[in-house]
Amino acid sequence: MVLFGPPGAGKGTQAQLLAEQLKVSHISSGDLFRQHLQQGTPLGLRASEFMNRGVLVPDEVTIDIVLDKVLSLNAEDGFILDGFPRNRNQAEVLEDALMRRARGLDKVVYIQVPEPELVKRLAGRYSCRQCQAPHSIPKESLGPEGSAPDLTCQRCGGELYQRPDDRPKAVQKRIQVYQDETLPVLSYYQDRGILAEVSGVDKIECVNHRVLEALRASEPAGC
Ligand SMILES: [Zn+2]
C-alpha cells in the first residue's frame, strides 16, 4: 500500500503504527535517504543537496533508492510506502516495477489535512536522530530559535532535532511542491480504483482506525 498526503499529514506516524499492526515493512523514502546520507553513499550525497533546500530530489535518484528497497522484499511480504510516489512519473515507474514481479498495490490511502494545520504541525515537528521517530513538540516547550533543549525520543531515548526540511522556509516550499507535483498523482490512483480518502485531522488513534477501515474495505468478501 501507499500512504499518501501532504507533508505534515502524519504519514510517518501512521505508517509506523500500521507496520506493527499488519506486520509489514515500512518503507519511508525520507528515512532511506537519511540512511544513504549517514553512510555517505553517492546517492545520499546527491540527495542531501536537494533535501536541505526543501525541494524534491530528482526522480532517478529517488526511484533508485526506493525500488532497491521494495524489490529486496520477498514476493509474499507486504509493505507500506511513505513519501513515495511524489509525482506521476514515479507512480508509473513503481507500477511497472511491481508488475514485472506480478505484484501490485492493494490500496492508496490519502490522509487529508488542510494547509494551516500542516504549517502549524510542521513548525513543532522534531525527529529522533537515532530511530527517526517523529515527535510533536508544543510551541511553549521550545526555546529561542525553535531549539528543543533536553528533549529526548520517547521511543529510544535518542536526541531530538528539527530536520532542515521541517524549518519554516523549507516547509512553505514543500507544501507548494506538493500541490504542484504530488497532488495530481491522486487521479492516477483514482483511475485504478484503489484510492481511499481519510481525514487526518484527529487523534493519532482515530486516524489509524480510519486507515485500517479503508484497508479492510479492499479485502475480498469472506476474508
Ligand atoms: Zn528514537
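## Burial and overall dimensions

Buried residues make up 27% of the 223 residues in the protein; a residue counts as buried if 20 or more other C-beta atoms lie within 10 Å of its own, as exposed if 12 or fewer do, and as partly exposed in between, with C-beta atoms placed from the backbone. This is a predicted model, in which local features need pLDDT of at least 70, side-chain atom pairs count only at pLDDT 80 or more, and totals for chains, interfaces and linings use all residues. Residues are numbered from 1 along each chain as its sequence is written.

The radius of gyration of the protein is 17 Å, which agrees with the value near 17 Å for a compact globule of 223 residues. That radius is taken over C-alpha atoms, and the globule rule is 2.2 Å times the number of residues to the power 0.38. The C-alpha trace spans about 55 × 40 × 35 Å along its principal axes. Among contacts with a separation of 6 or more, 70% are between residues 24 or more positions apart; a contact requires C-beta atoms, placed from the backbone, within 7 Å of each other.

## Confidence

The average pLDDT of the protein is 88, and 93% of the residues score at least 70. pLDDT is the predictor's confidence in each residue, on a scale from 0 to 100. Among the elements, β4 has the highest mean pLDDT (97) and α3 the lowest (83).

## Secondary structure and strand pairing

The protein has 9 helices and 8 strands. These elements are DSSP runs numbered from the N terminus: helices are H or I with at least four residues, and strands are E with at least two. Two strands pair if DSSP finds at least two bridges between them. Strand β3 (residues 79–82) runs parallel to β1 (residues 2–4), to which 2 bridges join it. Strand β2 (residues 25–28) also pairs with β3 in the parallel sense, over 4 bridges. L81 in β3 is the bridge partner of V2, and I27 stands opposite L81 as well.

An open sheet of 3 strands has antiparallel pairing and the order β6-β5-β7. Its edge strands, each pairing on one side only, are β6 (134–136) and β7 (160–161). Strand β5 (residues 125–128) is joined to β7 by 2 bridges and pairs with β6 over 3 bridges. S127 stands opposite P134 in β6 and opposite Y161 in β7, while C128 stands opposite L160 in β7.

## Nonpolar core

The largest nonpolar core has 29 residues, of which L3, I80, V108, V109 and I111 touch the most other members. Strand β4 (residues 108–112) contributes the largest share of this core, 4 residues. Such a core is a set of buried Ala, Val, Leu, Ile, Met, Phe, Trp, Tyr and Cys residues joined through C-beta atoms within 7 Å. With neighbours within four places in sequence left aside, V109 is in contact with M1, L3, F4, A196, V198, V211 and A214.

## Helix α2

In helix α2 (residues 29–38), the buried residues are S29, G30, L32, F33 and H36. Seen down the axis of α2, these residues fall within an arc of 160°, so they line one face of the helix. The arc is that of the directions from the helix axis to the C-beta atoms. An α-helix has 3.6 residues a turn, so residues three or four places apart point the same way.

The elements that cover the buried residues of α2 include β2, α3 (42–51) and α4 (59–70). Just after α2, G40 has a positive phi of about 65°.

## Backbone geometry in loops

F84 and P85 are joined by a cis peptide bond, with omega about 0°. P85 is in the loop between β3 and α5 (88–99).

Positive phi values also occur at K23 and Q132, neither of them a glycine. K23, in the loop between α1 (11–22) and β2, has phi near 55°. K23 is exposed, with 9 other C-beta atoms within 10 Å. Q132 is partly exposed, with 19 other C-beta atoms within 10 Å. Strands β5 and β6 form a hairpin with 5 residues between them, and Q132 in the turn has a phi of about 70°.

Notes
Two residues are in contact if their C-beta atoms, placed from the backbone, lie within 7 Å.
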